[in-house]
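Good morning, and thank you for coming. I shall go through the structure one region after another; please look at the sequence and the model as I speak.

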Amino acid sequence: MRQLRACWRLLRVVAHILGGVWTIRTVFPRLAPAQRHARVQVWALKMLDCIAIKLVVIGSPPTSGPVLLVANHISWVDIVVMHAARHCRFVSKDEIARWPLVSTLANAADTLYITRESRRDAMRVVHQMAQGLREGDVLAIFPEGTTGDGSSLLPFHANLLQAAISADVPVQPVALQFADGVTGAMSYAPCYVGDDTLWLSLWRTLCADNVQAVVQFGTQELARGRDRRAWAADLRETISRLRN
């Protein structure tokens with residue numbers, strides 16, 4: 001029965017993705033940016049419903065920008081979860097721009113792309129982020145740079161925090177967790193780490209029941225004289241506390 005439910009959920013996911021692509025190509029050109037952002041959030045909420053993950057939001061998402069959201073990273077689901085909690089522009093690795101269908105969805109959400117191995121490209125993205133923040137954007141980054149298993153946090157890379165310092169705007173820490181809705185224990189079903197393939201992680205997620213995505217928003221803070229490395233270390237401590 002579990003595998004049958006997973007197959008049904010997979011069919012719903014495929015249909016929802018195709019429906020999203022159709023909306024992007026036929027409806028989005030006629031919408032204002034705020035209307036597109038609202039559509040993205042509704043789409044993300046529906047996607048969580050398709051994969052049977054319940055969204056739990058703790059704290060206060062930003063009502064408007066400028067603000068840079070800084071979150072830990074566990075799974076490919078994180079982006080959907082963050083969009084469902086509050087639409088934001090993500091900074092993602094540039095290979096996503098080459099993924100069929102996924103790139104269409106990412107572009108519609110105004111994603112910024114970065115070549116992680118290139119220091120020069122990081123500087124370009126920092127300037128682009130700073131400009132967006134000055135214009136009132138809500139941006140989001142995963143400073144770990146890769147996914148962990150959710151049991152602890154990896155070291156935070158500080159480079160992209162320079163955008164918030166340059167634009168003199170606040171950062172809001174965000175703690176992400178996946179939990180069993182019945183027992184409250186950590187759920188590893190959505191993890192995408194180590195030897196996991198995207199398909200294995202997706203199938204494990206589709207097979208799981210009672211999974212909750214818990215998004216805890218912390219308090220917005222300014223750099224207040226900290227350089228990006230000191231700020232990254234402080235944010236890592238804050239997110240670690242929010243998860244406990």
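This is a predicted model: local features need pLDDT of at least 70, side-chain atom pairs count only at pLDDT 80 or more; totals for chains, interfaces and linings use all residues.

I begin with the meeting of two helices: Arg9, Arg12, Val13, His16, Ile17, Gly20 and Thr23 in H1 are in contact, that is, with heavy atoms within 4.5 Å, with Arg39, Trp43, Lys46, Met47, Asp49 and Cys50 in H2. Sorted by class, this contact of H1 with H2 holds five nonpolar, three polar and five charged residues. Here Ala, Val, Leu, Ile, Met, Phe, Trp, Tyr, Cys and Pro count as nonpolar, Asp, Glu, Lys and Arg as charged, and the others, Gly among them, as polar.

Residues are numbered from 1 along each chain as its sequence is written, and side-chain values use heavy atoms, with hydrogens and water left out. Helices (H or I, at least four residues) and strands (E, at least two) are DSSP runs, numbered from the N terminus.

Axes are lines fitted to C-alpha atoms, for helices over the stretch in contact, and angles run from 0 to 180 degrees between N-to-C directions. Angles under 35 degrees count as roughly parallel, over 145 as roughly antiparallel, 65 to 115 as roughly perpendicular and the rest as oblique. The crossing of H1 past H2 is right-handed; a crossing is left-handed if the near helix is turned anticlockwise from the far one by less than a right angle, and right-handed if clockwise.

How do the axes of H2 and H3 cross? Helix H3 takes up residues 77-85, and the axes of H2 and H3 come within 7 Å and cross at roughly 125 degrees. That makes H2 oblique to H3, and the crossing of these two helices is left-handed. On the H2 side the contact is made by Val40, Gln41, Ala44, Leu45, Met47 and Leu48, and on the H3 side by Val77, Val80, Val81, His83, Ala84 and Ala85. By class, this contact of H2 with H3 has 10 nonpolar, two polar and no charged residues.

The next pair is H1 and H7, whose axes come within 8 Å and cross at roughly 115 degrees. H1 is thus roughly perpendicular to H7, and H1 passes H7 in a right-handed crossing. H1 contributes Arg2, Gln3, Ala6, Cys7, Arg9, Leu10 and Val13 to the contact, while H7 contributes Trp199, Leu202, Trp203, Leu206 and Cys207. The contact of H1 with H7 divides into nine nonpolar, one polar and two charged residues.

Rings of Phe, Tyr and Trp (its six-membered ring) pair if their centres lie within 6.5 Å; planes under 30 degrees apart count as stacked, over 60 as edge-to-face and the rest as tilted. By this rule there are two aromatic pairs. The rings of Trp199 and Trp203 have centres 5.8 Å apart and planes at 25 degrees, so this pair is stacked. Trp199 and Trp203 are four residues apart in helix H7 (residues 198-207), and are therefore separated by about one helical turn. Trp199 is partly exposed at 48% relative accessibility, and Trp203 is partly exposed at 22%. Buried means under 20% relative accessible area, exposed over 50%, and partly exposed in between (1.4 Å probe, protein chains only).

I turn to two buried residues. Ser92 lies in strand S3 (residues 89-93) and is buried, with a relative accessible area of 8%. Leaving out residues up to four places away in sequence, Ser92 touches Ile79, Thr111, Leu112, Tyr113 and Ile114. Leu160 sits in the loop between strand S5 (138-141) and helix H6 (162-167) and counts as buried at 16% relative accessibility. With the same exclusion of residues up to four places away in sequence, Leu160 touches Leu68, Val91, Ile114, Val125, Val126, Met129 and Ile141.

Finally, the backbone. A cis peptide bond, with omega about 5 degrees, joins Gly65 and Pro66. Ala52, in the loop between H2 and S1, has a positive phi of about 60 degrees although it is not a glycine.
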